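Trainee: I've got a few questions about pockets and aromatic rings. Can we go through them together?

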Amino acid sequence: MSAGSAGGAVAAVDLGATSGRVIVGRVGPDTLETETVARFPNDPVFAGDGLHWDILGLYGAALKGLRDAFRTEPGIASIGIDSWAVDYGLLRGGRLLGTPFHYRDERTARGVETVHERMPHAELFERNGLQFLPFNTLYQLAAEPADVLGFADTALLVPDLLAFWLTGAARAEITNASTTGLLRWADRAWDDALIGTLGLPRGILPQLIAPGERVGGLLPHVAEAIGGSADVTAVGSHDTASAVVAVPMRADAAAYISCGTWGLVGVEVERPVLTPQALAANFTNEGGVDGRVRLLHNVMGLWVLSETVRGWERVEGHAVDLPTLLDSAAEVPASAVPVFDVNDPRFLPPGDMPARIAVWCAEHDMPAPRTRAEYTRSIVESLAHAFADAAATAGRLGGVDVATIHIVGGGALNALLCQRTADRAGMPVLAGPVEATALGNVLVQARAAGFVSGSLDALRDLVLRTHAPRRFDPVA
């Protein structure tokens with residue numbers, strides 16, 4: 001596709017918690033197409049001091065993917081990067097000081113204690129608007145050894161770190177920065193007073209940048225390695241921020257669920273909701289594209305199901321067919337399985353999920369599931385219950401009259417989950433697009449490059465015209 005009024009091409013690096021992809025996006029006024037040119041696993045690594053991300057492996061895979069992207073589409077004008085939130089790399093003089101920790105590592109507990117000794121969560125919420133999650137960046141930084149933190153001169157969240165390696169420019173994209181707990185909602189700037197109170201070094205936090213702004217051009221050795229030249233453009237680098245861009249919704253009448261490893265359930269509002277009710281409901285205010293606010297709640301998501309399946313695969317030594325398993329689960333009556341609290345902290349770390357579910361049931365005087373189909377149905381019912389409840393709460397807190405729930409991401413492929421969410425919420429669920437994160441990444445780049453124009457509503461209308469969702473009406 002040639003640039004200009006007919007549109008053009010961009011590349012998206014999309015890093016998820018279990019896998020990564022490089023995608024070529026072709027965008028014009030009536031065109032929105034994506035082509036995945038590379039997929040690669042994202043497997044955490046246990047080292048002597050805890051659980052880490054293989055960040056160098058991810059960067060190497062992204063470079064190979066970008067090389068494939070330029071071979072597929074030599075006219076790529078821009079590159080954008082998104083990933084999960086909160087995790088970071090520490091650098092000094094441009095050199096990485098060890099591999100980034102994984103947010104599921106248990107070290108964060110001591111960071112929570114350290115931070116709350118100086119400022120309790122209620123006071124933090126008034127400043128940063130975030131729900132309590134023990135792995136938020138400020139807790140992780142507080143858990144760092146003082147000598148390591150004192151030696152570092154820069155801290156970069158994962159997508160910012162990859163952008164730095166591509167361009168040499170150290171920036172902090174604001175939607176992801178809003179998940180650190182160190183951004184002040186009053187003026188969307190680093191909260192110097194809070195950082196000082198917590199005893200963290202202010203100098204390691206780089207200049208903030210908004211989605212659509214240019215990060216920089218590719219370094220010469222990077223351009224040579226991938227066989228092409230392009231600008232790196234800031235996108236909604238928190239993957240949920242990109243996903244919400246591509247939800248084909250009316251923001252004043254819908255809730256969204258970005259469902260993958262996590263289920264991010266919320267509404268889009270114009271300004272943060274910092275009420276006592278939002279604090280009590282443990283809702284969070286995170287930055288969105290075009291200055292919007294994502295008022296949402298983190299639900300454990302498909303992690304519980306995928307970790308359950310992985311455990312069964314380890315026992316059997318071969319893959320478990322998920323569609324067949326879900327078909328079996330659909331035959332189990334919903335009334336025959338327990339609904340458990342998927343947000344219980346016991347389900348956060350990797351491990352034996354069925355055993356943990358059984359213990360939860362015993363503690364709550366409920367019969368545990370017995371078969372794999374029953375465990376699967378129990379997980380789906382519990383997720384659907386949590387999704388419906390969070391969507392209703394989001395609407396109430398945000399003043400949004402929710403009449404429809406949109407599910408995007410991998411969860412949109414799970415028809416049983418979509419249907420049961422519709423049933424429990426008592427309203428239609430519109431499922432798709434599955435590739436919402438990549439589409440949102442691509443759309444922000446394309447608008448910055450002039451291939452499309454308009455507001456978020458205009459971008460969402462393009463998604464609706466090119467990626468019609470599947471509708472699930474409540475039947476129970």
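Trainee: What volume does the largest pocket have?

Mentor: Keep in mind that this is a predicted model. Of the 50 residues lining the largest pocket, T18, C259, G260, T261 and G410 are the closest to its centre. The volume of that pocket comes to about 1400 Å³.

Trainee: Which element gives the most to the lining of the largest pocket?

Mentor: Several elements give two or more residues, among them strand 1 (8-15), strand 16 and helix 17 (436-449). The top contributor, with 5 residues, is helix 12.

Trainee: And which element has the largest share of the lining of the second largest pocket?

Mentor: That pocket holds about 310 Å³ of space and has 17 lining residues, with P44, W303, E307, R310 and P350 nearest its centre. The largest share is 4 residues, and they come from helix 12.

Trainee: On to the rings: are Y103 and W262 stacked, edge-to-face or tilted?

Mentor: Y103 sits in the loop between strand 8 (95-96) and helix 2 (108-118), while W262 is in the loop between strand 16 (254-259) and strand 17 (263-269), 159 residues apart. Their ring centres are 6.4 Å apart. Stacked needs planes under 30 degrees apart and edge-to-face over 60. The planes here are at 50°, so the pair is tilted.

Trainee: Is W262 buried or exposed?

Mentor: The cut-off for buried is under 20% relative accessible area. Y103 has 5%. W262 has 14%, so W262 counts as buried.

Trainee: Which ring does R104 lie over?

Mentor: R104 is over the face of a ring, 3.8 Å from the ring centre. That ring belongs to W303.

Notes:
Residues are numbered from 1 along each chain as its sequence is written. This is a predicted model: local features need pLDDT of at least 70, side-chain atom pairs count only at pLDDT 80 or more; totals for chains, interfaces and linings use all residues. Side-chain values use heavy atoms; hydrogens and water are left out. Rings of Phe, Tyr and Trp (its six-membered ring) pair if their centres lie within 6.5 Å; planes under 30 degrees apart count as stacked, over 60 as edge-to-face and the rest as tilted. Buried means under 20% relative accessible area, exposed over 50%, partly exposed in between (1.4 Å probe, protein chains only). A charge sits over a ring if NZ of Lys or CZ of Arg is within 6 Å of the ring centre and within 35 degrees of the ring normal. On a 1 Å grid over the protein atoms alone, a cavity is a set of points where a 1.4 Å probe fits but cannot get out, and a pocket is an open set with protein on both sides within 12 Å along at least five of seven lines; lining residues have an atom within 4 Å of a point. Grid points are joined across faces, edges and corners, and a volume is the space filled by probe spheres set on the points.
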